[in-house]
Amino acid sequence: MPVTVLLVDDEPLVRAGLRAVLEAQPDIEVVGEAADGAAVIPLVRQLRPDVVAMDVRMPLLDGIEATRAVLRTVEEPPKILVVTTFENDEYVYEALRAGADGFLLKRARPAEIVHAVRLVAEGESLLFPASVRQLAAQYGEEGGNRAARVAMERAQLTEREAEVLRLMARGLSNAEIAARLIVGTETVKSHVSAVLAKLGARDRTQAVIAAYESGFVAPG
């Protein structure tokens with residue numbers, strides 16, 4: 001089954017460019033388009049895309065609020081990939097904090113766009129981990145914020161789960177973590193699932209953001 005994608009951007013040329021790049025791939029299908037975040041929820045419910053590629057800045061409802069709305073109101077929500085002009089934009093970090101699974105630069109090369117969609121759909125690696133660290137260093141609170149610290153303490157991660165979370169924050173995939181720890185991939189998947197459950201995170205991106213926000217992992 002192909003990865004299905006909904007494109008949300010107020011610039012028709014951006015949507016057309018993304019559609020052309022993605023539909024050139026045999027394993028990706030663009031199932032719909034919208035010009036503003038306000039149209040996302042009904043389209044997600046109707047089309048059930050695997051991934052929403054959504055502009056972070058739009059006139060009526062921006063990508064941050066649209067992300068929050070989708071995650072709050074849609075059962076089994078899609079992965080959300082925010083599309084942005086600047087990677088060091090505070091809007092991008094806020095979108096990740098709101099629940100987005102990754103971000104994509106509008107100037108990205110076609111191969112990078114395709115890779116981003118596939119990686120976010122698979123959910124087994126962190127997209128652009130170095131950039132996420134930079135965003136956390138620039139816009140996160142030094143030493144983490146209190147609520148995030150309390151949540152991390154309550155999670156009571158085991159020593160191995162904590163080690164896995166640190167490796168996730170560095171951007172390692174499940175296979176890479178397995179090789180580093182000399183364990184099977186299924187064992188790593190079990191640890192990742194336990195980390196997500198204990199942190200109340202829907203995916204590894206949110207777990208890593210929680211790690212930075214709490215000060216459990218230092219950015220940079």
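Good morning. The largest cavity of this structure has a volume of about 70 Å³. Please keep in mind that the model is predicted. At a threshold of 30 Å³ or more, the structure holds one cavity.

Which residues line the largest cavity? They are K79, D101, L119, V120, G123, S125, L126, L127, D203, R204 and T205. Two elements, α5 (110-122) and α11, each give two or more residues to this lining. By class, the lining of the largest cavity comprises four nonpolar, three polar and four charged residues.

At least two lining residues come from each of α7 (146-155), α10 (185-199) and α11 (204-214). Eight residues of the pocket lining are nonpolar, two are polar and four are charged.

Finally, a helix pair. Two packed helices are described by the angle between their axes and the distance between the axes. For helix α3, residues 63-73, and helix α4, residues 90-98, the axes come within 9 Å and cross at roughly 5°. Because angles under 35 degrees count as roughly parallel, α3 is roughly parallel to α4. On the α3 side, the contact is made by I64, T67, R68 and L71; on the α4 side, by Y91, E94, A95 and A98. Sorted by class, this contact of α3 with α4 has five nonpolar residues, one polar residue and two charged residues.

Thank you for your attention.

Definitions and conventions
Residues are numbered from 1 along each chain as its sequence is written. This is a predicted model: local features need pLDDT of at least 70, side-chain atom pairs count only at pLDDT 80 or more; totals for chains, interfaces and linings use all residues. Side-chain values use heavy atoms; hydrogens and water are left out. Axes are lines fitted to C-alpha atoms, for helices over the stretch in contact, and angles run from 0 to 180 degrees between N-to-C directions. Helices (H or I, at least four residues) and strands (E, at least two) are DSSP runs, numbered from the N terminus. Angles under 35 degrees count as roughly parallel, over 145 as roughly antiparallel, 65 to 115 as roughly perpendicular and the rest as oblique. Contact means heavy atoms within 4.5 Å. Ala, Val, Leu, Ile, Met, Phe, Trp, Tyr, Cys and Pro count as nonpolar, Asp, Glu, Lys and Arg as charged, and the others, Gly among them, as polar. On a 1 Å grid over the protein atoms alone, a cavity is a set of points where a 1.4 Å probe fits but cannot get out, and a pocket is an open set with protein on both sides within 12 Å along at least five of seven lines; lining residues have an atom within 4 Å of a point. Grid points are joined across faces, edges and corners, and a volume is the space filled by probe spheres set on the points.
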